[in-house]
Amino acid sequence: VPKGNPLAELYERFPHFTEVLDFVAKSLALAGCGDEGRPARIPPILLRGEPGTGKTYFAQELARVLGTEFVERDLSVTTEAFVISGMDAGWKNSKPGIVFDALVDGKTANPLICLNEVDKAAVTGNHNSPLAPMYALLEPTSAKRFADEFIPVTLDASHVIWVLTANNGPIPEPILSRLEVFDIKAPSTEECRAIAASVWKSICERTLPRGHGFPQELPESVLEHMSRTSPRIMRKALT
């Protein structure tokens, strides 16, 4: 990635996501070959791996460097499709789903929507499963004609950036076939040190108040301790 490219920062901060970043970089390069002014489309991604490897945080930071909005839902606590595609207005407490809200109320045509723990979602084949709307939304052709159940106005959802995360549970094959699957392994000791250094630099630059006085380089003792810490715990500990 050329210096100055927004993804360059993520290569440093997420060394164990290099394969994912290469894929995103190629997708953006191909999108740049098309009509100017059209929102970039990145094929849907599944980040699969053990808890604590930083999958959701990576998705959040990817949205930030791409300059788009970030929407997150945890499917382990979601049992109904209306969270994604809305509920018919005839029902009490009905409302639009997250796709409609992101496209209509959001500021970008290609928000990044992160669905966490898709392997824990209801996968029985029931049309009310939260995964049911994804069969159409993950296909560019059908996503162009997306209609929310609450307000059935056709919207073009083909440029939504989908990032799904999972541990190692089962996911329906038709969903898997629509995704670019990346197995995220726990970072090595050296990668953990690099991640800790970049996370601390980010905290100093974007989280702490101006004039905080902390040095941007972590002492060796802290780096050594962080080399044995998962990315999920690392940011909390450094903060």
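1. What volume does the largest pocket have? The largest pocket has a volume of about 460 Å³. On a 1 Å grid over the protein atoms alone, a pocket is an open set of points with protein on both sides within 12 Å along at least five of seven lines, and a cavity is a set of points where a 1.4 Å probe fits but cannot get out; grid points are joined across faces, edges and corners, and a volume is the space filled by probe spheres set on the points.

2. On the basis of these notes, the model is predicted, so that local features need pLDDT of at least 70 and side-chain atom pairs count only at pLDDT 80 or more, while totals for chains, interfaces and linings use all residues. Residues are numbered from 1 along each chain as its sequence is written, and side-chain values use heavy atoms, with hydrogens and water left out.

3. The lining of the largest pocket comprises 25 residues, and those nearest its centre are Gly54, Lys55, Thr56, Tyr57 and Arg232 (a lining residue has an atom within 4 Å of a point). At least two lining residues come from each of α3 (55-66), β2 (70-74), β6 (161-166), α9 (189-206) and α11 (231-238), and α11 gives the most, with five residues. Helices (H or I, at least four residues) and strands (E, at least two) are DSSP runs numbered from the N terminus.

4. By class, this pocket lining has eight nonpolar, nine polar and eight charged residues, where Ala, Val, Leu, Ile, Met, Phe, Trp, Tyr, Cys and Pro count as nonpolar, Asp, Glu, Lys and Arg as charged, and the others, Gly among them, as polar.

5. The search of the whole structure finds one cavity of 30 Å³ or more, and the largest cavity has a volume of about 50 Å³. Its lining has 13 residues, with Arg41, Leu137, Ser158, Val160 and Trp162 nearest the centre, and divides into ten nonpolar, one polar and two charged residues.

6. Strand β1 (residues 45-48) runs parallel to β6, joined by four bridges, and Ile45 stands opposite Val163 in β6. β1 also pairs in the parallel sense with β7 (residues 180-183), over four bridges, with Leu46 opposite Val181; pairing requires that DSSP finds at least two bridges between two strands.

7. The structure holds zero disulfides (pairs of cysteine sulfur atoms within 2.5 Å). Cys192 counts as buried because its relative accessibility is 4%, and Cys204 counts as buried because its value is 5%; buried means under 20% relative accessible area, exposed over 50% and partly exposed in between, with a 1.4 Å probe and protein chains only.
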